[in-house]
There are 2 protein chains.
Amino acid sequence: VNDSPEITESTPTRNWKLVLAYDGTDFRGWQVQPHQPTVQGEFANAIERITGEHILPQGSGRTDAGVHALGQVASFAIEAPIPEANLHRALNRTLPGSIRILSAEIVPPEFHARHSAVRKTYEYRIYRAEICPPTLARYVYALNWPLDLEAISEAASHVIGEHDFTSFAATDPDATTRDRPEAEPDYIRAIYESTWRKEGDLLLYRVTGSGFLHHMVRNLVGTFLEAGRGAISAASIPAILAARSRSAAGPTAPAHGLFLAHVEYPPGTSGTPRHRMLP
Amino acid sequence: VNDSPEITESTPTRNWKLVLAYDGTDFRGWQVQPHQPTVQGEFANAIERITGEHILPQGSGRTDAGVHALGQVASFAIEAPIPEANLHRALNRTLPGSIRILSAEIVPPEFHARHSAVRKTYEYRIYRAEICPPTLARYVYALNWPLDLEAISEAASHVIGEHDFTSFAATDPDATTRDRPEAEPDYIRAIYESTWRKEGDLLLYRVTGSGFLHHMVRNLVGTFLEAGRGAISAASIPAILAARSRSAAGPTAPAHGLFLAHVEYPPGTSGTPRHRMLP
């Protein structure tokens, strides 16, 4: 009787981890919103068109309107028995060219794109020559003022380590801590790398941390640029952190220069993406 | 009486030559159209906002909706006594980032961006790797099929020289010869360079000629790609030219891979642009 055909088994769901890149210009950010183009919404629609399953992929974190991604990570569970090698191709045929799936793999059920993340890296791109090529305009902050590279580098170095980043968090209380890993207290984040480098006509800021508060990278960049143009001293960053007040720091740099570069998970959580966007 | 203050002289107009780059994605092409975003329309508005003068800048030729430019040339006469070094900066402050003025110079009154042009160069960009980065998607034709590079190169070489390009012209009779230099008979154009080259994940077609019929570069590319995928023989290009029929050639390649790279004028017509977009 154990093999009676009347016993119906529920279809097992499989948990997927996807790495994706997007041009955020024409989206109202990652998070799905009614009647607005969002990356999560386009992504959910594509999955539904392919599998018939209506699910909401979970991102490693939200990105704001206009912010781009080179390696956002999303996870979701679906029943469709799609071979592991085929899902990213099927999705890329369905999604607009402004969103590309770089890899898709089946991961253990406990993997969650946001809860499992241990480090994130963002890159901010500034264009320094007089005339910004139109083909780059959507992907850089064109800033032609004199900037003291040594000062912005020194300013950036002061945020490395574990700090309370209240001064660099958006004042919107609801949104501020939404990226918070489960284990971390509000406003305290660890920064592992915080460096500026020149690459041709580009000036690139790269920051890796345990997690980031809402607007934190853009507020850091806006403040470092104040140091770069001499409006504040690079040495004042520790005092700005200590002030724990948004008004102590500089302005928010524009969204369109910011890229979520990649998200790291504990070793063994999943394999290496087959494709990577060049930075 | 010759120096009587009552004699009013009309303000002399000065003739300007401007070189400009644009991202054509969000425009309905170069040519001004009512209630549609066009490059010529944005450009005319910016000139009017700066000088108060309502003029229509003349382009070296129209570009279609979605086609980009690295070095389009425009000319116009205005009265405003703007110093030669200042006009491109004033325009770049006024124009959207998708249009950039690379240089502006005062030229002799007889200079005309279209009538004076002697050679034009277009570039067509194809992306060959599996996943096209979202930041490139607007500027390349992503084409991942196998292509025989030798065949497309041979096909391209067959159009060098003076030929009747009826087979590669849009069938729209009104638009077909609109780019025609004054001295040239309909449908006959001289091609000086027609080459394909690989550059990383890009496959680039570069063509220089005396002038181009409507859709001619996109129809050449569409036909060369047919040779590249083996649908036609590269050696059939002379017969396609001889057929003088649009139906003899291949399909029209998409607009978004096409760039107007630069326009040449007789030596001495004007100086060298101060800025150039990298190809």
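**A walk through the predicted model**

In chain A, 75% of the contacts with a separation of 6 or more are made by residues 24 or more positions apart. This is a predicted model, and in it chain A has 6 helices and 10 strands. Of the 279 residues in chain A, 53% are buried.

Helix α2 of chain A, residues 87-94, has as its buried residues Leu87(A), His88(A), Ala90(A), Leu91(A) and Asn92(A). The cover over these buried residues of α2(A) includes the strands β1 (14-22), β3 (68-78) and β4 (99-107) of chain A, together with helix α1 (39-51) of chain A. The axes of α1(A) and α2(A) come within 9 Å and cross at roughly 110 degrees. Because of that angle, α1(A) counts as roughly perpendicular to α2(A), and the crossing of the two helices is right-handed. On the side of α1(A), the residues that take part are Phe43(A), Ala46(A), Ile47(A), Arg49(A) and Ile50(A), and they meet Ala90(A), Leu91(A) and Thr94(A) in α2(A). Sorted by class, the residues of this contact of α1(A) with α2(A) are 6 nonpolar, 1 polar and 1 charged.

Helix α3 of chain A, residues 149-157, and helix α5 of chain A, residues 216-228, have axes that come within 7 Å and cross at roughly 140 degrees. That angle is the reason why α3(A) is described as oblique to α5(A), and α3(A) passes α5(A) in a right-handed crossing. Here Ala151(A), Ile152(A), Ala155(A) and Ala156(A) in α3(A) meet Phe224(A), Leu225(A), Ala227(A) and Gly228(A) in α5(A). The residues of this contact of α3(A) with α5(A) comprise 7 nonpolar, 1 polar and no charged.

Helix α5 of chain A also holds Val221(A), a residue that counts as buried because its relative accessibility is 0%. Which residues does Val221(A) touch, not counting residues up to four places away in sequence? They are Tyr124(A), Trp196(A), Tyr205(A) and Ala253(A). For one of these, Tyr205(A), the C-alpha atom is separated by 7.8 Å from that of Val221(A), and the two residues are 16 residues apart along the chain.

The axes of helix α3 of chain B, residues 149-157, and helix α5 of chain B, residues 216-228, come within 7 Å and cross at roughly 140 degrees. With that angle, α3(B) is therefore oblique to α5(B), and the crossing in which α3(B) passes α5(B) is right-handed. The residues that meet are Ala151(B), Ile152(B), Ala155(B) and Ala156(B) in α3(B) and Phe224(B), Leu225(B), Ala227(B) and Gly228(B) in α5(B). By class, this contact of α3(B) with α5(B) has 7 nonpolar, 1 polar and no charged residues.

Over all chains, a search of the whole structure finds 24 salt bridges. In one of them, the side chains of Glu226(A) and Arg229(A) meet at 2.9 Å, N to O. Glu226(A) is buried, because its relative accessible area is 17%, whereas Arg229(A), at 45% relative accessibility, counts as partly exposed.

In chain B, the side chains of Arg206(B) and Glu123(B) form a salt bridge at 3.1 Å, N to O. Arg206(B) lies in strand β9 (residues 202-209) of chain B and Glu123(B) in strand β5 (residues 119-127) of chain B, so this pair ties together parts that are 83 residues apart in sequence. Both Arg206(B) and Glu123(B) are buried. Another salt bridge joins the side chains of Asp164(B) and Arg244(B) at 3.0 Å, N to O. Since Asp164(B) lies in strand β7 (residues 161-164) of chain B and Arg244(B) in the loop between α6 (237-243) and β10 (258-264) of chain B, the pair ties together parts that are 80 residues apart in sequence. Asp164(B) is buried, with a relative accessible area of 17%. Back in chain A, salt bridges that share partners join Glu123(A), Arg125(A), Arg197(A), Glu199(A) and Arg206(A) into one network.

Methods: Residues are numbered from 1 along each chain as its sequence is written. Chains are lettered from A and ligands numbered from 1 in the order in which they are written. This is a predicted model: local features need pLDDT of at least 70, side-chain atom pairs count only at pLDDT 80 or more; totals for chains, interfaces and linings use all residues. Side-chain values use heavy atoms; hydrogens and water are left out. A salt bridge is a side-chain nitrogen of Lys or Arg within 4 Å of a carboxyl oxygen of Asp or Glu. Buried means under 20% relative accessible area, exposed over 50%, partly exposed in between (1.4 Å probe, protein chains only). Helices (H or I, at least four residues) and strands (E, at least two) are DSSP runs, numbered from the N terminus. Axes are lines fitted to C-alpha atoms, for helices over the stretch in contact, and angles run from 0 to 180 degrees between N-to-C directions. Angles under 35 degrees count as roughly parallel, over 145 as roughly antiparallel, 65 to 115 as roughly perpendicular and the rest as oblique. A crossing is left-handed if the near helix is turned anticlockwise from the far one by less than a right angle, and right-handed if clockwise. Contact means heavy atoms within 4.5 Å. Ala, Val, Leu, Ile, Met, Phe, Trp, Tyr, Cys and Pro count as nonpolar, Asp, Glu, Lys and Arg as charged, and the others, Gly among them, as polar.
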